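My notes are below the structure.

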Protein chains: 2
Amino acid sequence: MNDTLAGTSLDQETRLHEDDHHSIKLWLRLLTCSSLVESRLRAALREEFDTTLPRFDFMAQLERAPEGLTMGELSQRMMVSGGNVSGIAAQLVKEGLVDRRPVPSNRRTFMVKLTPKGRKMFVAMAERHEQWVIALLGHLQAEDVDQLMELLKRVKAGL
Amino acid sequence: MNDTLAGTSLDQETRLHEDDHHSIKLWLRLLTCSSLVESRLRAALREEFDTTLPRFDFMAQLERAPEGLTMGELSQRMMVSGGNVSGIAAQLVKEGLVDRRPVPSNRRTFMVKLTPKGRKMFVAMAERHEQWVIALLGHLQAEDVDQLMELLKRVKAGL
């Protein structure tokens, strides 16, 4: 694969061998792109809002579910383990950003929801988050974005 | 953007709004794809080799640098903080998989290298890792892979 970019920077792709399978090359490029975006967002969230990416993701999922989510649903949507989600929930409850209460039908299941304060804070963060993502990816042509969306849909469908 | 896949599964994309900017949609799809692959690889490494992805990444970078790498170089290539890298190094040294010694010209800088035992173990893991990645991404047509490589190169170049 003719690729002049590989080797110009030190990142996950640095570990590639010339003769690695194209699936490996694709995976390491995908990983590098997502790690780079993620680390910029992580730094910006810390700097501007003194918060972390998992906390932001947690609140983002809740903002899409005004009726609340169980801890299991959150864990699945955030694609992280239940333990991590519980830790974040406890912290956000303590700060008054999230409300957590047992589900009436099953008292061992907890439902979490943004509080009005949490929602207000999330809206402010989401606005900045969108600006950051546009600053990071907005250089792409509209047709490149469409193609990428389609190709990544195929990646996702095969997983 | 006409997209029948969104909404069929619960993942990072679940938090999207209809009217989110296309950069946000692209970012969440990229993140979902890379998180899905990552979590499969993580599970397989744990199950077959009782090891973690950061340990594997650490050894993968060293395998590409037979002369060894400083801790700073490793940290940059792995795209993680120095603290994480030191912890992994200490563990691998303890298990005899990695050799760590001060650089003669600067005794505060440490150089790490795979031991023969570490190299042998890495080769076995890398072989399986390649098979897993092919199983996860090998369903893509060759032209889709080429297009994705090119488009992700543009993503990376703008970051």
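**Ground rules.** I am working with a predicted model, where local features need pLDDT of at least 70, side-chain atom pairs count only at pLDDT 80 or more, and totals for chains, interfaces and linings use all residues. Residues are numbered from 1 along each chain as its sequence is written, while chains are lettered from A and ligands numbered from 1 in the order in which they are written.

**Chain A against chain B.** I started with the contact, counting two residues as touching if their C-beta atoms, placed from the backbone, lie within 7 Å. Chain B puts in 53 residues and chain A puts in 53. Which elements of chain B supply at least two residues each? I found H1, H2, H3, helix H5 (116-137) and helix H6 (142-157). Helices here are DSSP runs of H or I with at least four residues, strands are runs of E with at least two, and both are numbered from the N terminus. H1(B) gives the most, with 16 residues. I sorted chain B's side into 26 nonpolar, 15 polar and 12 charged residues. For that sorting, Ala, Val, Leu, Ile, Met, Phe, Trp, Tyr, Cys and Pro count as nonpolar, Asp, Glu, Lys and Arg as charged, and the others, Gly among them, as polar.

**H1 on H1.** Next I looked at helix H1 (residues 22-49) of chain A and helix H1 (residues 22-49) of chain B, which pack at about 125° with axes 9 Å apart. Axes are lines fitted to C-alpha atoms, for helices over the stretch in contact, and angles run from 0 to 180 degrees between N-to-C directions. H1(A) and H1(B) are therefore oblique to each other (under 35 degrees is roughly parallel, over 145 roughly antiparallel, 65 to 115 roughly perpendicular, the rest oblique). From H1(A), I listed A:Trp27, A:Leu30, A:Leu31, A:Cys33, A:Ser34 and A:Val37, which meet B:Trp27, B:Leu30, B:Leu31, B:Cys33, B:Ser34 and B:Val37 in H1(B). The tally for this contact is 10 nonpolar, two polar and no charged.

**H2 and H3 in chain B.** The axes of H2 (residues 53-63) and H3 (residues 71-78) of chain B come within 10 Å and cross at roughly 115°. B:Asp57, B:Phe58 and B:Gln61 of H2(B) make the contact with B:Leu74, B:Arg77 and B:Met78 of H3(B). I count three nonpolar, one polar and two charged residues there. Which residues of H2(B) are buried? They are B:Arg55, B:Asp57, B:Phe58, B:Met59, B:Ala60, B:Gln61 and B:Leu62. A residue is buried with 20 or more other C-beta atoms within 10 Å of its own, exposed with 12 or fewer, and partly exposed in between; C-beta atoms are placed from the backbone.

**H3 in chain A.** Here A:Leu74, A:Ser75, A:Arg77 and A:Met78 are buried. Their cover includes helix H2 (53-63), strand E1 (69-70), helix H4 (82-94) and strand E3 (106-114) of chain A. After H3(A) comes A:Met79, with a positive phi near 60°.

**B:Ala157.** I checked this residue of helix H6 of chain B, and B:Ala157 counts as exposed because it has 11 C-beta neighbours inside 10 Å.

**Domains of chain A.** Chain A splits into domain 1 (1-50) and domain 2 (51-129), with bounds from an automatic or database domain assignment. Their C-alpha centres lie 29 Å apart. Seven residues of domain 1 touch seven of domain 2.
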